[in-house]
Amino acid sequence: MAMAAGGLISLPAWASNWTAETVGLTHNYLSSSQDELLANIAETIIPATDTPSAKELKVHQLIQKIVADCYDKPAQELFRNGLDAVDAQAQKTFGKPFREGDVAQRTALLTQFSQSAEPAQKEFYSLVKGLTIRGYLNSEYVMTNLTHYQMVPGYYHGCVPVVAKAVSPTK
Amino acid sequence: MANLNIDANAQNTYDAIVIGSGISGGWAAKELTGKGLRTLVLERGRDVRHVTDYPTTMMQPWEFDHRGQLTKEVKDANPIISKCYAFYEGSQQFFVKDAEHPYIQEKPFDWIRGYQVGGKSLMWARQTQRWSDFDFTGPARDGFAVDWPIRYADLAPWYSYVERFAGITGNKDGLDTLPDGEFLPPHEWNCVEKHFQKQVASKYKDRHVIMGRAAHITKPQPVHLQQGRGQCQHRTICERGCPYGGYFSSNSSTIPWAAKTGKMTLRPDSVVHSIIYDEKLGRATGVRIIDANTKQMKEYYARIIFLNAAALNSNLVLLNSTSNRFPNGLGNDSGVLGKYVAFHNYRAGISAQYDGNLDSTTDGRRPNSPYIPRFRNVHKQETDFLRGYAAGFSAGRSSRSNQEGIGADLKQNLLNPELGGWYVGSHMMGETIPKETNYVALDKAQKDPFGIPQLKISIAYDDNDEKMIKDYQEQMTEMFTAAGFTNIRVRDDHRNPGLDIHEMGGVRMGKDSKTSMLNKWNQLHAVKNVFVTDGSSMTSTSTQNPSLTYMAMSARSVDYAVKAMKKGLV
Ligand SMILES: Cc1cc2nc3c(=O)[nH]c(=O)nc-3n(C[C@H](O)[C@H](O)[C@H](O)COP(=O)(O)OP(=O)(O)OC[C@H]3O[C@@H](n4cnc5c(N)ncnc54)[C@H](O)[C@@H]3O)c2cc1C
Ligand code: SF4
């Protein structure tokens, strides 16, 4: 049988034809203004530098989907109420919706949430931040271009020297 | 009862019938067809063809809707199967959903099943150790269960036979507790695992840390290439199905091999209801199935029948095969059918950290890990519990990033994780004792969606298990401490029986037909043309993973059955 030992096997066509579109359908879980707000929060947590932001990588859509599909009611409520609270707080501190705040204002507001005496605010922020980080690190862009994920490493080496790593290109 | 469609024509008649296409049934099918028998393989689940029916196998992490996480809907609907570590977004298609195949838990029992062509061979963790004579002579020596009718020597050549075909990686370690096999090159150790191995070897002469033996092709041999299987590529996402055939499954190996003979007819969506016993002939003549799609009942006939529906389901089929001659289940003259069920105990674990070897790390992934064979009560009874436990062991190095802060700094930190220290961990694999009080039976009132009585499961841990858990925790703590590991934490997750997925017994082998169901050829004492070669036939459970033993027994039993058939004995 003609088959290379090194795994050079021809796979059926469908196997390499998966795209994000065929797999990920987006739920209309949040209103479009809440969706935009979430995108802006994600972008504040992970902004564009010389590489894309969480918003550009559509991490907010993943967050929505995971909250809608995997979390229970109380967490979902915490999530929605938290979004409303962010905008309310933005009106209070800088007199406009979060979206119109500048980076410093947005950052200050979220930092305030992270240290809030109100448990709901704190929990909301840690939920969104955690999912933003997870969505960002597991995005196609980051995994292929920045962290160089290999689906098929083909080996295991048990004892390799730790090398001083070059710092990733982001600033 | 559903429409009875008895057309005993040649079309429905085969030389042999195999019930179930999982690890043991796949082997029965391969051996029977290989010996020229026209064989019908009946499988209750849908067909799953190698590669083409592995829908998630090539998906990248970011392509999963929920990045691997189970949805609330799935979890809520499946409280039992959701407990299985291997059940996640990419593998859920291969597991039985709780509501679809109900059973009755007289005592809590997490029954983990895969109903499809290939059975659980698609999702298993592929650990494959031979059992030793300490296992086969255990009951006779310790006085639990009944004596096995076979010894290691009866199985040894068959272990070799199935190992060569399946492809088993391992190291020849020369241990009497864990006989060596026909191995492909072993997987690599990492430095901390090596360190632990050396420490244990220097402190205990009877304890060993070895590289796990697993059904992975680390170096393909001609027989593997002939199967269309190639070298394992270390993806470690095996439970989605492996496109390279890098690990052994019925789907990649035995079933297509059987198909190539032209002698196999595979009939998926065929739920076996019972085995038909002819009182005049004094033998089983065939099998009744319910077509899963049409719900019609049909009959198929054959000279010999191999029952390989997985341990508890084989009990169910026999219990449901009643006749005037066998009112309590086929072959059940002894009354032991369904009883003396046992399992493995995976409740306890231990974890720790290691502050040495910080100048080295690992690279790549390994679908296997080291293993500590049983060392308790081996040569003599030395503790206050019967039998012993084996243990898994592994070490790895974590990489963590600072997730504090917000904005560009956070992003910078996320993309530049720091290597953490080494962590080490182990879990126990304890042998439980087969007892009459651990049993399965048919429920009198409740039926499954096919009109078949539901299985009632009544299985629990006992005092022996509690003592063993404590001993494992103590001994491992001692070994970890000796190796210089720190921050040692032991656990007992109090999981229900069943979650180890190594349920065995109920149709046990034995020398005496008064106290067992099967003879030394896995043949029903009372119905000579019915053979049972899955986990239900185990007299006791050993501490090793069981599936390799099911494979060897299936091949051995078919060899006997076909010879006996030719001599007119069955
Ligand atoms: C996550 C996981 C990890 C595991 N890890 C290991 C491991 O490392 N090492 C090890 O040795 N074992 C392991 N196992 C256990 C191993 O999978 C089983 O021991 C093995 O598959 C049993 O083989 P079997 O042929 O008895 O049953 P299965 O492989 O389950 O096959 C039984 C088949 O029979 C079919 N069937 C059932 N009832 C009927 C009926 N009435 N009519 C028709 N068909 C029927 C089923 O649909 C199924 O396809 C693991 C299992 C799982 C799920
Ligand atoms: S680890 Fe090996 S067997 Fe498992 S999926 Fe990867 S290539 Fe296949």
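A salt bridge, as I use the term today, is a side-chain nitrogen of Lys or Arg within 4 Å of a carboxyl oxygen of Asp or Glu. By this rule the count over all chains comes to 36 salt bridges. Side chains of opposite charge can pair when their charged atoms come close.

Hi everyone, a word on the ground rules before the tour. This is a predicted model, where local features need pLDDT of at least 70 and side-chain atom pairs count only at pLDDT 80 or more, while totals for chains, interfaces and linings use all residues. Residues are numbered from 1 along each chain as its sequence is written, chains are lettered from A and ligands numbered from 1 in the order in which they are written, and side-chain values use heavy atoms, with hydrogens and water left out.

What is its pattern along the sequence? Chain A reads α-α-α-α-α-α-α-β, with seven helices and one strand. Helices here are DSSP runs of H or I with at least four residues, strands are runs of E with at least two, and both are numbered from the N terminus. Of the 171 residues in chain A, 43% are buried; buried means under 20% relative accessible area, exposed over 50%, and partly exposed in between, with a 1.4 Å probe and protein chains only.

Now, how do the two chains meet? The contact (heavy atoms within 4.5 Å) takes 69 residues from chain A and 63 residues from chain B. Together the chains bury about 5500 Å², with 63% of it on carbon and sulfur atoms. That buried area is the accessible area (1.4 Å probe) that two parts lose on being put together, summed over both.

How many salt bridges link chain A and chain B? The count is one: Lys65(A) and Asp65(B) meet through their side chains, 3.8 Å from N to O. On the side of chain A that touches chain B, the elements supplying at least two residues each include helix 3 (59-70), helix 6 (119-137) and strand 1 (156-161). The residues of that side divide into 40 nonpolar, 20 polar and nine charged. Here Ala, Val, Leu, Ile, Met, Phe, Trp, Tyr, Cys and Pro count as nonpolar, Asp, Glu, Lys and Arg as charged, and the others, Gly among them, as polar.

Strand 1 of chain A also pairs with strand 13 (residues 360-364) of chain B, in the antiparallel sense over four bridges; strands pair if DSSP finds at least two bridges between them. In that pairing, Tyr156(A) has Gly364(B) as its bridge partner.

Let's finish inside chain B. Lys35(B) and Asp559(B) form a salt bridge at 3.2 Å, N to O. Lys35(B) lies in the loop between helix 1 (23-34) and strand 3 (39-42), and Asp559(B) in helix 12 (residues 547-566), so the pair ties together parts 524 residues apart in sequence. Lys35(B) is partly exposed at 29% relative accessible area, whereas Asp559(B) is buried at 15%.

Next comes Arg347(B), whose salt bridge with Glu466(B) has its closest N and O atoms 3.0 Å apart. Is Arg347(B) buried or exposed? Arg347(B) is buried, with a relative accessible area of 3%, and Glu466(B) is partly exposed at 36%.

One last stop: Asp135(B), Arg141(B), Asp142(B), Arg387(B) and Glu431(B) are linked in a network of salt bridges.
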